[in-house]
Amino acid sequence: MCLTTMYKILHVIIAKRISTHLEEQNLIPASQKGCHPGNKGCKAEIMISKAIYQDCKRKNKNLSIAWIDYHKAFDNVPHSWVEKSTELAGVNSKIVKFCKLSVEKWTTMLHLKIKQEVMQSQPIKIRKRIFQGGSLLPLLFCTALTTLKNKLNRADWGYQAHRPERKISHLL
């Protein structure tokens, strides 16, 4: 999906406001590498996973790891959950309302060109999917994962890192 330049600029402004709020309220977990500016994301997570594996192997400890494949993750997030998760995070209600009204307007059209004739579909409403290509939408996706992060933290499972106060239960 192509997003207009104005749409991208608006998303940068809104993303900055949401990000600032989430950071001030300590709502972006350290385990959520995708939302922290300047972070190496998956590369950092792979390095941490490798270090844990090597430590367990060296100490002859059992280790269970579960990987969740977010295959087409952006395509599978219902808009209603994006709205609810931003509300739960305490994001400014005007921003939540803007995002809600914005995604309600999302449509696409199919164009088919056969020789010199172009056929066009009626507008098709997009009910779930977070467009990639802007700075706001990945942040909304990360916010939607916060509930999962909270449940994992409450389970009190994980790998006890070298520092006793640090237990790693998940890497997002």
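Aspartate 55 and arginine 58 both belong to helix α2 (residues 42–58), where they sit three residues apart, about one turn of the helix; helices here are DSSP runs of H or I with at least four residues, numbered from the N terminus. The model is a predicted one, in which local features need pLDDT of at least 70 and side-chain atom pairs count only at pLDDT 80 or more, whereas totals for chains, interfaces and linings use all residues. Residues are numbered from 1 along each chain as its sequence is written, and side-chain values use heavy atoms, with hydrogens and water left out.

The side chains of aspartate 55 and arginine 58 meet in a salt bridge at 3.2 Å, N to O, the term denoting a side-chain nitrogen of Lys or Arg within 4 Å of a carboxyl oxygen of Asp or Glu. Aspartate 55 also forms a salt bridge with lysine 59, for which the closest N and O atoms are 3.5 Å apart.

Elsewhere, the axes of helix α1 (residues 5–24) and α5 come within 8 Å and cross at roughly 30°, the axes being lines fitted to C-alpha atoms over the stretch in contact, with angles from 0 to 180 degrees between N-to-C directions. Helix α1 is therefore roughly parallel to α5, a description applied to angles under 35 degrees. The contact (heavy atoms within 4.5 Å) is made by His11, Ile14, Ala15, Ile18, Ser19 and Leu22 of α1 and by Leu136, Leu137, Leu139, Leu140 and Thr143 of α5. By class, the contact of α1 with α5 has eight nonpolar residues, three polar ones and no charged ones, where Ala, Val, Leu, Ile, Met, Phe, Trp, Tyr, Cys and Pro count as nonpolar, Asp, Glu, Lys and Arg as charged, and the others, Gly among them, as polar.

Leucine 137, a residue of helix α5 (residues 136–144), is buried, with a relative accessible area of 3%. The C-alpha atom of leucine 137 is separated by 9.8 Å from that of cysteine 99, a residue 38 positions away along the chain.

Terms used:
Helices (H or I, at least four residues) and strands (E, at least two) are DSSP runs, numbered from the N terminus. Buried means under 20% relative accessible area, exposed over 50%, partly exposed in between (1.4 Å probe, protein chains only). Angles under 35 degrees count as roughly parallel, over 145 as roughly antiparallel, 65 to 115 as roughly perpendicular and the rest as oblique.
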